[in-house]
Amino acid sequence: MIKDVKIVPLVAHVDDRGYLIEILRSTDEHFTRFGQVYMVGDATRGTIRAFHKHAILWDWFFISHGSAKFVLRDDRSDSPTCGNMQIVVTGQRNPVLIVVPPGVYHGWMALEDDTQLVSTASEVYNRENPDEVRIPPDSFGDVWEVKGR
C-alpha cells in the first residue's frame, strides 16, 4: 500500500435500463479540487502508458470500458511508504476509483482491446510547462508482464 493512494470501490446501480456508476463527487473525502476531465482510449491490449508523477496535481482514474493494470510507486521522500509499489487491476468487473496524490509515479496497461480511461485532474494541464516528471515504462523492472497463477 502507498500512503494517500486510495482504491475506492464503486457501486453500479443496475436496473432494466442498464447501470449508473457515480465516479467522483465534490463531497467525497478523497476529492481536493477540480481542474479538468479527459478520456484516454487504447485500441489494443498491451498498450502501456507509463510512468510519470506530478508535483501538485492529484489524479482520479476510472476505467469505463475494458480493463487495465495500474502500477504506482511512491517517490515522496517524506512519505512513510516511500519506495513502495502498488498494483491495481480494474475494469468493468471490478469498478474502482484510483486516487493518486502528487509525488507518486503511475502508469497503466490496457488488458483488453478498446480500453477506456476517464481521468479527473485537480489542475488544468499546462501544455507549455507541464507538472510532470516522466520516466521509461521499464523503470521499476518487469511490472507489466501478466503472469499465470
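## Gln 86, a buried polar residue

Let's start with Gln 86, which is buried, with a relative accessible area of 7% (buried means under 20%, exposed over 50% and partly exposed in between, using a 1.4 Å probe and protein chains only). This is a predicted model, in which local features need pLDDT of at least 70 and side-chain atom pairs count only at pLDDT 80 or more, while totals for chains, interfaces and linings use all residues. Residues are numbered from 1 along each chain as its sequence is written, and side-chain values use heavy atoms, with hydrogens and water left out.

Gln 86 sits in strand β8 (residues 85-91); strands are DSSP runs of E with at least two residues, numbered from the N terminus. Its side chain reaches the backbone nitrogen of Ile 2 at 3.0 Å. Beyond its neighbours within four places in sequence, Gln 86 is in contact (heavy atoms within 4.5 Å) with Met 1, Ile 2, Val 5, Ile 7, Phe 70, Val 71 and Leu 72.

## Lys 53 and its partner

Lys 53 belongs to strand β5 (residues 48-53) and is buried too, with a relative accessible area of 17%. Its side chain joins that of Asp 75 through a polar contact of 2.5 Å. Such a contact is a pair of N or O atoms within 3.5 Å; within protein, one must be able to donate a hydrogen and the other to accept it, and residues adjacent in sequence count only if both atoms are side-chain atoms.

Leaving out residues up to four places away in sequence, Lys 53 touches several others, including Gly 103, Tyr 105, Asp 131 and Glu 132.

## The nonpolar cores

Which residues have the most contacts inside the largest nonpolar core? They are Phe 70, Leu 72, Ile 98, Trp 108 and Leu 117, in a core of 15 residues. A nonpolar core is a set of buried Ala, Val, Leu, Ile, Met, Phe, Trp, Tyr and Cys residues joined through side-chain atoms within 4.5 Å. β6 (59-65), β7 (67-74), β9 and β10 (104-110) each give two or more residues to this core. Apart from it lies another core, of 8 residues, among them Val 71, Met 109, Phe 140 and Trp 144.

## The open sheet

In the order β1-β9-β6-β11-β4, 5 strands form an open sheet with antiparallel pairing (two strands pair if DSSP finds at least two bridges between them). β1 (6-9) and β4 (36-42) stand at the edges with a single partner strand each, so one side of each lacks a neighbour in the sheet.

β1 is joined to β9 (residues 96-100) by 4 bridges, and the two run antiparallel. Within this pairing, Lys 6 stands opposite Val 99 in β9.
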